[in-house]
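My notes are below the picture.

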Amino acid sequence: GGTASHLLSGHTRAHEAAEQQAARWLGFERALLFSSGYLANLAVITALAGRGASLYADRLNHACLNDGARLSGARLRRYRHADLDALEALLAADPAPHKWVLTDAVFSMDGDIARIDRLLELCHRFDAMLLVDDAHGFGVLGDGRGTLHEPAFAPHVFAAGKADPRVVLMVTLGKAAGAAGALLLGAAPLVEAVVQR
């Protein structure tokens, strides 16, 4: 086992190699390993969206996104499932300087897929970040790389071959990948902020 927490001395070359390989394969600047997707979602929301931020969550999101939102102390608003017109109206009326949209990519109970292209467009228009939980798309859609790599979404998320810096992705390794743990992926400064906080 590791001799301490990752931040002190428990982060090994094997961890680093796995994170770098995952980031390259999934098209993001940086990846961070977690022991579960639940913990990854709790970590990113509580580390980056604190008091004064506004969080917008689809009503059918997985419980870990809702729990992370509640623990963060930020203002949580849940919009009707897949109702992006309602989300647009909420974002347009919100003067908060920090806004996040939280969504499952593939909704586990219904199997429908979030409109990542439209969500990202709204995030650009209203200066918000987009956290995508792809627990049920990773290993299945997008040639195995997940929902964001589907042809309908990839040109929006990966313009010029780089992931949009507004997108934060969480993928679990315990479902289709057949392993354990999870990865949080995003722009390098954002992932470093999660590490430090």
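I'm looking at a predicted model, where local features need pLDDT of at least 70, side-chain atom pairs count only at pLDDT 80 or more, and totals for chains, interfaces and linings use all residues. Numbering starts from 1 along each chain as its sequence is written, and side-chain values use heavy atoms, with hydrogens and water left out.

Fold first. I found eight helices and seven strands in the protein chain; these are DSSP runs numbered from the N terminus, helices being H or I with at least four residues and strands E with at least two.

I checked overall size next. The C-alpha trace spans about 50 × 35 × 35 Å along its principal axes. The radius of gyration is 16 Å, which agrees with a compact globule because 197 residues would give a value near 16 Å. That radius is taken over C-alpha atoms, and the rule is 2.2 Å times the number of residues to the power 0.38.

I then looked at burial. Of the 197 residues, 51% count as buried (under 20% relative accessible area; exposed is over 50%, partly exposed in between; 1.4 Å probe, protein chains only).

Last, I went through backbone angles. Ala82 has a positive phi of about 60 degrees without being a glycine, and this residue sits in the loop between β3 (75–79) and α5 (84–92). Ala160 also isn't a glycine, and its phi is positive, near 60 degrees. I placed Ala160 in the loop between α7 (154–157) and β6 (167–172). Ala160 counts as exposed because its relative accessibility is 80%.
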